[in-house]
Amino acid sequence: VMALMGYEEYVKKCTTEQKEVIRQVEELGKEQEVLAVADDSILPYVRTESAEVSLLYGRDLYQPGMDLGIVDMYSEELLSFYEAMKNPEDTIQDILASADLYGCNVVIVKQFEDAPRKMGHFERYYDTENYIVYAIQ
């Protein structure tokens, strides 16, 4: 995507809501190092908007044209984790358990009804119309 359009145009596509979610995650980064996993719709912008937030995986995992020669290095477990991220309403327990297993302390998922306030080590840290940020604090 970024290669097809200029970097400036790409960054402009990041919505105000997405920028606010990323800003909130950066706030957590002031207290601790952040390793995050994020929904596809916001994941590429986390990287372009914030150098302080590390991601468990990048968009090369889900954009075949972005294959940087490392896709084959992703384990089946990580690929399953990525697939679970697509439907948090049904898989939030697995998502948070996997995030914990991989050492992630921030999880950004699509907003869904009846999302738990707390599960395992994670608590809901921030909500918007379209996203929920879970964090270990």
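A: A residue is called buried when its relative accessible area is under 20%, exposed when over 50%, and partly exposed in between, using a 1.4 Å probe and protein chains only. This is a predicted model, in which local features need pLDDT of at least 70 and side-chain atom pairs count only at pLDDT 80 or more, while totals for chains, interfaces and linings use all residues. Residues are numbered from 1 along each chain as its sequence is written, and side-chain values use heavy atoms, with hydrogens and water left out.

Helices (H or I, at least four residues) and strands (E, at least two) are DSSP runs numbered from the N terminus. Helix H2, residues 16-29, has 14 residues and reaches 20 Å from its first C-alpha to its last, close to the 20 Å expected at 1.5 Å a residue, where the expected span is 1.5 Å times one less than the number of residues. The buried residues of H2 are Gln18, Val21, Ile22, Gln24, Val25 and Leu28. Seen down the axis of H2, they fall within an arc of 155°, so they line one face of the helix; the arc is taken from the directions from the helix axis to the C-beta atoms.

Counting contact as heavy atoms within 4.5 Å, the cover over these buried residues includes strands E1 (34-38), E2 (53-55), E3 (106-110), E5 (122-127) and E6 (131-135), together with helix H3 (43-49). Two strands pair if DSSP finds at least two bridges between them, and an open sheet of six strands runs in the order E2-E1-E3-E6-E5-E4, with mixed pairing. E2 and strand E4 (118-119) stand at the edges, each with a single partner strand, so one side of each is left without a neighbour in the sheet.
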